[in-house]
Structures are given as C-alpha cells and as structure tokens.
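Good morning, and thank you for the time.

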Amino acid sequence: MLFNSPTFLLFLLAVFALYYFFPRWRMLVLAVANAAFYAYAGVGYFVLFFCVVASVYGISKFLGGSRSKLALTAGLIVVLANLVFFKYSMFLLGSVEQLLGFTISLQGTPFVDREIALPIGISFYSFQLIAYLVDVHKGKLKPSRSLFEFWVFISLFAHSAAGPILRGGDFLPQLRNIVAIKFRTPRVKLGLAFILLGLVKKVFIVEKIAPYVNEYFGVAATLNGVESWVASYLFAFQIYFDFSAYSEMAVGIGLLLGLRLDLNFKTPYLSSNPAEFWRRWHITLSQWIRDYIFIPLGGSRVKNWRIYVNLIAAMTISGLWHGAAWTFIIWGFYHGVLSAAHRMYGKGLKKMGWTKLQGNWLYKVFAIAVFFHLTVIGWVFFRANSWGDAVHMIKQMTLLGGVSFTKETMLLLAISAGLYLLHIVEFLAVKYFKRWSLGWEAAVPSLIRGAVYAAIAIVLLMLLMNGEASSFIYFAF
Amino acid sequence: MKLSQIRRKRYGLLGLAFALAFFVAAQFVVTAYVKLDTVYKHRMNYNMFLEDRGMIEVVIEEMAKTIKRDGLTDYAILIGNSVAWGTNESSEHSLGRYLSDLATSAEGEDKLQAVFNLSAPSIMAGDAYTLLLMMEDRGIKTDNVMIGLSYSAFVEPKPGPRQVFWLGDYLRTQDPKAFADVLPHLQANGFEYKEGWKHAEEQALETLLHRIPVVKYKEVIPAYWEQRKAGTDLLGDPRAWNEKQFSEKWLADPSYLSFFDPQPFDMSESNWGVYFMNKIAELQQGKRLLTFVSGGNGELSKKEVTNPGYVANTEAIETYLQGLGSPYLIMQDKIDPNLFTDHVHLTKEGNELLARFVWDTWTGKGE
C-alpha cells in the first residue's frame with residue numbers, strides 16, 4: 001500500500017479514528033492494521049513476515065541466559081537466511097556462475113526465470129530484527145513482553161515498508177505507554193504537516209522529474225557529458241525527495257498516533273564531507289551500520305589502516321544492503337573510499353595546522369559544492385542499469401569529450417539548480433520551523449490559512465487521483 | 001502576543017475548520033461551473049476523453065441534465081468513430097454540427113430538437129452498445145439512434161483494435177454476460193482485466209472519490225481551459241488529402257492495410273462487430289435505428305477499395321445490415337475523393353455531404 005495512494009489515505013483515516021475512539025484497544029488496532037497493510041502487498045509474504053517475526057521472538061526468549069550465544073546465532077540465521085534467499089540468492093548464483101564460467105540449470109524449479117519477488121521491507125525488518133537480537137543478547141534491551149507487542153514494534157505500518165529503522169530501546173517503551181497517549185492538537189497538526197510535506201515532495205517534485213531520469217538512464221550509453229550530469233543531478237534530487245517524502249510521511253503518521261519515529265534526513269546535500277553526509281542521509285541506516293558493523297569491526301579504536309578498511313567495509317556492506325547488484329556494491333565501496341579519504345585528509349590538515357580552515361565559510365561553501373558533486377557521481381553507480389552504462393556516464397562527466405548544451409539540457413540544469421535552492425529553503429524551514437510555524441499560526445488569519453489548506457488539499461487530491469500512484473524507490477530494497 | 005493567545009492558536013482548530021468549509025464550497029463552485037458546453041460542442045472533447053475515459057460519464061450526465069432542463073423530448077443520438085466525430089476538422093465543421101443543423105431546421109414530423117453526438121475516434125460497435133446502455137441508465141431516451149461504423153469494424157483483429165475499444169470496464173457492469181463473452185477477445189488485444197481485491201478496491205475508490213466534484217471534474221476543467229486557450233478544437237490537418245503528402249511507407253503500413261483487410265468476413269456472431277450490432281438492434285427493437293458505414297477514399301486508397309475481397313466484404317456488410325431491417329447507408333464511393341482529408345476522414349464539405357446523406361436516409365428521402 002503506497003503512502004501516496006488514496007487507498008492508504010483512507011486506511012490511515014480509519015486507523016486514526018479507531019485509535020482515538022478505542023484507546024484501550026490501541027495495540028490491537030495497530031496489530032491488525034499492520035497485518036492488513038502488509039497482507040495488502042501479498043498474503044504469502046505476510047505469512048512469511050509473521051513467521052520470521054514469531055521465530056525471532058521465540059528465539060529471543062533464550063537470549064540473556066546460558067544459551068544466549070546459541071540463541072543469537074539461531075536468530076541471526078533465521079533473519080539472514082530469509083534475507084539472503086529472497087534478496088541475494090539469484091545474485092550470488094549469477095556471480096558464482098560468472099566466476100566459474102558455467103550455468104546451473106533451474107529448469108523444473110520455481111526459479112526458472114531467475115527472479116524472486118522481494119517481500120516489501122525485507123531489508124528494513126531484517127536489520128531491525130538483527131538490532132533487537134544483538135541488543136537483547138548484550139543486555140542493552142529487555143526482551144519484548146509478548147509476541148503481540150513485538151509484532152506491533154517490528155511491523156508498524158508507518159515504517160515497515162522502508163524505515164526508519166526503529167530500535168527497541170526507543171520504541172518499545174512508547175508502545176508500553178500507548179494507552180496513555182492523548183489527542184494533542186499541535187502534535188496532530190504537526191503530523192499532518194509532515195504528511196503533507198511528504199505528499200507535496202512526491203507528487204510535485206518526484207513525479208515530475210522521474211520521467212526524465214528514466215528516459216536519460218534508459219539510454220545511458222548514448223549520453224554525452226552534459227546529459228550525463230543532467231541525468232545524475234536529477235536522480236540525486238529524485239532519490240532524495242522520494243525517500244525523504246516517504247520518511248517524513250512515516251514520521252507524520254507516527255505523530256498522528258502520538259509515537260515518535262526518527263527523522264531519516266536532514267538536508268544531506270548541504271554536507272561538506274562524507275561523515276556529515278552520513279549523519280544527514282538515511283540516518284537510521286547509517287546509525288545501524290555504525291553500531292552493528294563499523295563498531296564491532298573495531299570502529300575507530302584500532303590502527304589507522306584498520307579504520308580505513310573498516311570504513312570501506314561498512315560502506316560496502318551498506319551498498320550491498322541496498323540491492324543485489326555490483327553497481328550497489330561499487331556505490332557503497334565508493335562512499336567507503338570517500339569516507340576513508342576524508343579521514344586521511346582531515347589528519348593531513350591537522351598535521352599541517354590548517355584545521356581553522358574548516359571554520360571558514362568560503363571553505364565550507366566550496367567543500368559543500370565539491371562533496372555534493374562527489375555524491376552525484378556516486379549516484380551514477382546506484383542508478384545505472386549496468387556497470388557499462390555507469391562507466392560510460394562517468395567518463396562523459398569528465399567533459400573531456402566536449403560540452404554541448406541543448407534547450408532541454410539547459411532547462412533541466414536550471415531545474416536542478418532550482419531543486420538545490422529548494423533544498424536550501426528546506427534547510428532554513430527546518431532551522432526556523434518553530435518560529436515560522438508560530439508566525440504562520442499567530443500572524444495569518446484562520447480564514448487565509450484555511451483557504452491555503454483547502455487549496456493544497458484540492459490540488460493534492462486531484463494529483464493523487466491522476467492514474468496509479470508510483471512506488472517509492474526504497475520500496476525496492 | 002501573549003502566551004495564552006499563542007497556546008490558543010496552537011491548540012485551535014479554526015484554520016482546519018475553515019479549510020473544511022472552503023473545501024466543501026469548492027465542490028459547489030466546481031459543480032456549478034461545469035456545463036454541457038464545458039465538455040461538449042457538437043462532439044465531446046476528445047483530449048479530455050483521452051486523459052480519462054471516465055469523463056464519458058460526465059458528458060452523459062451533462063446531456064441528461066440539459067435534456068431535463070430544456071424539456072427535450074425529440075432528439076437523436078449519434079454514436080460513431082472518428083469519421084462521425086470529425087477528425088481533421090473542427091467541431092464547427094463536423095458531422096455532428098451539420099446533422100444537428102439539418103435536424104433542428106427540418107420542418108414537420110422530421111424535425112428534431114437536438115442531435116447529441118457521442119462519437120469518438122476508435123469507437124467500435126461494442127462501445128456504441130455500451131454507451132446506449134449507459135444513456136438508458138441515465139434516463140436519456142434512445143428512441144432515435146444513428147450508428148456510424150467503418151469497414152474496419154468488421155475486420156477480424158489478429159490482433160487489432162478491440163471491439164469494445166474504450167468502454168470495456170463499463171460494459172462489465174452494464175452487461176456482464178456480453179462482457180464475459182467478449183472478454184477473451186478483449187484480453188487478447190490489450191485489455192487490462194482486473195479481478196478480486198484489486199477490482200473491488202478500484203470500484204470502491206471510483207464510487208467514493210468520484211462523488212467528490214473536484215476529483216470528478218479534474219480532467220474536465222483543465223482540458224476545457226486548454227481548448228479555450230488554443231482557440232480551436234481542431235484535431236489534425238483539415239486540408240484535402242491531395243494537398244498533402246502520403247508516403248509509400250504510410251500506405252504500406254500494416255495498420256493502414258488492416259483497415260481495408262480484404263480477407264473474407266465471417267458475418268456470424270463470432271465476428272464481434274456483428275455480435276454487438278445484433279445487441280444494438282435488439283436494444284433498438286421498437287425504436288429507430290440507422291447505421292451508416294463510412295467509405296474509403298476512392299483515389300488515395302483505390303488499390304484497397306477496389307480489391308475484390310474488399311468489395312465482397314462491403315456487400316456482405318450490406319447484406320447483413322439489410323437483414324437487421326432498419327435503415328442503413330453504405331458510403332463507399334458516395335463521396336467524391338476530393339472531399340477526403342486522408343484515406344477515410346472528410347473535409348468540411350465532405351462532412352456536410354455525409355450529414356445530408358445520413359439525414360435523407362433517416363427521413364426516408366434518400367435512396
């Protein structure tokens with residue numbers, strides 16, 4: 001069920017009404033809503049999801065005891081086996097075949113077309129389950145009290161499809177207090193504002209630029225330098241606005257229900273270096289990678305060369321998490337190398353006593369511009385349909401083959417610049433949100449506010465009813 | 001501003017209440033804005049129909065309102081394909097306009113108060129049948145019906161145009177039995193058949209959300225404004241065919257050739273053109289029905305229209321229409337080739353002449 005579909009909005013309305021009409025039954029309302037939300041995508045996958053959740057819950061009962069390690073291993077096997085089978089098995093098979101130079105026949109098996117439909121949100125719920133198992137094993141988190149509670153935590157419809165990746169320590173206490181949650185107008189208004197923001201991003205920005213991105217990447221092998229930059233810029237904004245739209249709607253839904261879900265984005269294209277970028281882009285995944293991969297690998301408490309290796313390894317795993325393809329792995333590796341290089345660069349600056357430079361605003365602007373373009377180059381690997389396409393585009397982006405503009409590329413470059421400006425506006429809106437929202441409510445008469453809300457609702461409704469809603473990019477992960 | 005005032009503002013729901021009031025008011029405004037001439041002028045706005053085929057409901061609804069408001073009792077319904085719609089000409093020079101002029105200016109018993117033209121490019125006999133059922137549902141009398149088809153309406157698709165080209169989903173609710181019969185043919189020719197939960201969901205959303213006027217008219221108003229901005233509703237090039245270039249490649253195109261397919265027609269009910277024409281004839285029992293079959297350009301498409309197979313098939317269509325017992329008109333070679341804009345569509349003068357032929361046949365003054 002897509003957040004930008006009329007069906008979901010009606011579903012949300014029904015859940016919202018039941019949730020506040022029957023406060024004592026909130027857990028039940030959410031449990032059923034989560035099941036319905038997931039089953040909508042496919043009953044088979046819902047059954048699988050539930051079985052995985054129930055198995056992990058059962059196994060987690062042995063965590064913390066004398067057989068904790070065994071239970072942790074068993075739990076991780078269940079989660080990873082499910083993830084690997086659905087997401088990586090065909091990729092692994094293909095890679096092995098390529099390496100060994102032969103083809104394994106799948107004739108007579110259900111996988112004859114070498115495709116396995118990916119259950120929605122499998123990567124997200126798998127990471128959430130892993131975090132839960134590890135945290136309970138380490139004694140950082142008390143196990144969930146019941147399967148019912150555990151199910152609501154893992155499967156909450158606001159985040160089950162594409163995050164944010166919730167941690168038991170943050171979320172389980174909220175569920176335990178769910179009956180006491182009161183209907184608070186400012187919070188509900190804020191929730192609606194987040195949902196609206198997400199819808200506006202999806203409908204007005206993503207839907208408009210997606211056809212150009214698809215068209216350009218569809219003929220990637222024929223693009224010249226300027227066209228390659230245009231395609232990459234547009235994809236950079238498509239993926240940001242698409243994923244942040246979904247994440248903000250998830251936060252908004254949480255607020256409607258009085259539950260706090262973590263923000264996943266903080267205007268990431270204003271980052272001046274990789275470390276900052278990963279604190280502002282897909283934050284809950286970055287934190288997960290840090291806590292469950294980078295730190296267990298030794299984190300920053302090991303020798304310098306090991307830190308670089310750890311950074312590259314963690315980011316490569318993050319790339320693999322996104323998708324079963326070499327382009328994703330290269331994308332993650334590329335970001336790992338950027339992170340390592342930046343760390344090296346920081347050390348160099350320190351050695352030369354130039355650390356003050358980083359405080360200079362001109363340097364900061366320059367660093368943001370450079371890092372934004374490095375990020376855009378990285379997106380080529382992420383989006384390209386093949387390794388060959390990605391290499392062709394990167395080569396073209398050096399502009400060594402010449403620079404030629406057409407009316408369309410000029411227009412699309414202007415649109416890209418406009419989108420970056422919008423990104424800055426978003427940064428300011430978040431920074432001054434309290435002041436601006438207060439000003440909006442206090443200084444603008446209710447009549448005018450009402451007219452603006454109604455106009456937005458009408459336009460959105462018309463656009464939402466315009467054909468089938470398009471999926472969010474991260475639903476594919 | 002005092003803290004208490006700020007608090008009141010933050011907790012207040014006045015803004016949302018006004019939003020709700022504005023939203024409701026907008027529905028009334030939009031409903032009042034849309035009239036028959038927003039969606040129809042001697043023919044329906046095809047661009048609007050292309051954007052959302054559900055707009056046919058709006059056209060029928062507005063027609064029903066006009067009929068009721070103006071107390072119309074004697075009117076005719078014209079349903080046909082692009083020839084009857086008037087491709088390559090504006091609505092002012094379309095068959096609908098000329099037929100309407102003839103019908104409303106006629107004297108005595110023949111006079112009609114209006115001719116409503118529900119034609120659209122690619123409309124097939126199955127669409128025409130569905131439209132008649134939809135109009136009856138809306139309380140529009142189908143006492144006087146004129147159906148415009150072309151030779152290609154009886155060509156066996158292999159694959160080809162669906163015999164319910166646009167309105168399959170409506171046929172599904174209007175006549176489930178006919179829909180079930182034709183479904184394999186529709187599916188074989190690109191019709192997306194939804195069933196189970198997906199279908200139920202779509203139906204529920206349609207029923208619920210299309211009651212909201214801003215959703216219902218979401219394509220209507222922009223298309224109307226667009227047309228007004230363009231200053232014309234002309235679709236295509238109105239010049240006569242001999243003032244234009246038709247390449248050999250165009251004349252060898254499979255879609256062009258299939259239009260005149262000379263393979264012998266099976267004129268039994270396994271031909272979907274026949275199946276739906278029979279349905280229409282059955283529906284029109286005791287009411288008036290006229291069928292005209294437009295002809296191909298005798299010069300541009302000479303090779304095709306003189307093909308013995310084409311000639312024999314045209315005769316088969318004539319024999320079939322004769323069997324229906326209602327007036328009919330086979331237009332092949334009745335209109336001068338110079339009055340064609342391409343292989344089948346007509347110039348302004350061609351449309352005027354076609355209207356005269358149809359009207360004379362309708363009134364019994366023709367051949």
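I shall speak about a sheet, a helix and some salt bridges.

First, some conventions. This is a predicted model, in which local features need pLDDT of at least 70 and side-chain atom pairs count only at pLDDT 80 or more, while totals for chains, interfaces and linings use all residues. Residues are numbered from 1 along each chain as its sequence is written, chains are lettered from A and ligands numbered from 1 in the order in which they are written, and side-chain values use heavy atoms, with hydrogens and water left out.

Let us begin with the sheet. Helices (H or I, at least four residues) and strands (E, at least two) are DSSP runs, numbered from the N terminus. Two strands pair if DSSP finds at least two bridges between them. In chain B, five strands make an open, parallel sheet in the order S2-S1-S3-S4-S5. Its edges are strand S2 (114-117) and strand S5 (328-330) of chain B, each of which pairs on one side only.

How is S1(B) joined to its partners? S1(B) and S2(B) are parallel and share four bridges, with Ile77(B) opposite Phe116(B) in S2(B). Another four bridges link S1(B) to strand S3 (residues 144-150) of chain B, also in parallel; there, Gly80(B) has Gly148(B) as its bridge partner.

Is strand S1 of chain B covered or open? It is mostly covered: six of its six residues are buried, where buried means under 20% relative accessible area, exposed over 50%, and partly exposed in between (1.4 Å probe, protein chains only). In a regular strand the side chains alternate between the two faces of the sheet. Here Tyr75(B), Ile77(B) and Ile79(B) point one way, and Ala76(B), Leu78(B) and Gly80(B) point the other way.

Next, consider helix H2 (residues 14-33) of chain B. The expected span of a helix is 1.5 Å times one less than its number of residues. For the 20 residues of H2(B) this gives 28 Å, which agrees with the 28 Å between its end C-alpha atoms. Gly15(B), Ala19(B), Phe23(B), Ala26(B), Gln27(B) and Val30(B) are buried in H2(B). They cover an arc of only 130° around the axis (taken from the directions from the helix axis to the C-beta atoms), so they lie on the same side of H2(B). On the other side, Leu14(B), Phe28(B) and Val29(B) are exposed.

Finally, the salt bridges. A salt bridge is a side-chain nitrogen of Lys or Arg within 4 Å of a carboxyl oxygen of Asp or Glu. The structure holds 30 of them over all chains. One joins Lys202(A) to Asp242(A), with the closest N and O atoms 2.6 Å apart. Lys202(A) lies in helix H8 (residues 185-218) of chain A and Asp242(A) in helix H9 (residues 225-256) of chain A, so this pair ties together parts that are 40 residues apart in sequence. Both Lys202(A) and Asp242(A) are buried.

In chain B, Asp360(B) forms a salt bridge with Arg356(B) at 3.3 Å between the closest N and O atoms. These two residues are four apart in helix H19 (residues 348-363) of chain B, about one helical turn. Asp360(B) counts as buried, at 19% relative accessibility, whereas Arg356(B) is partly exposed, at 39%.
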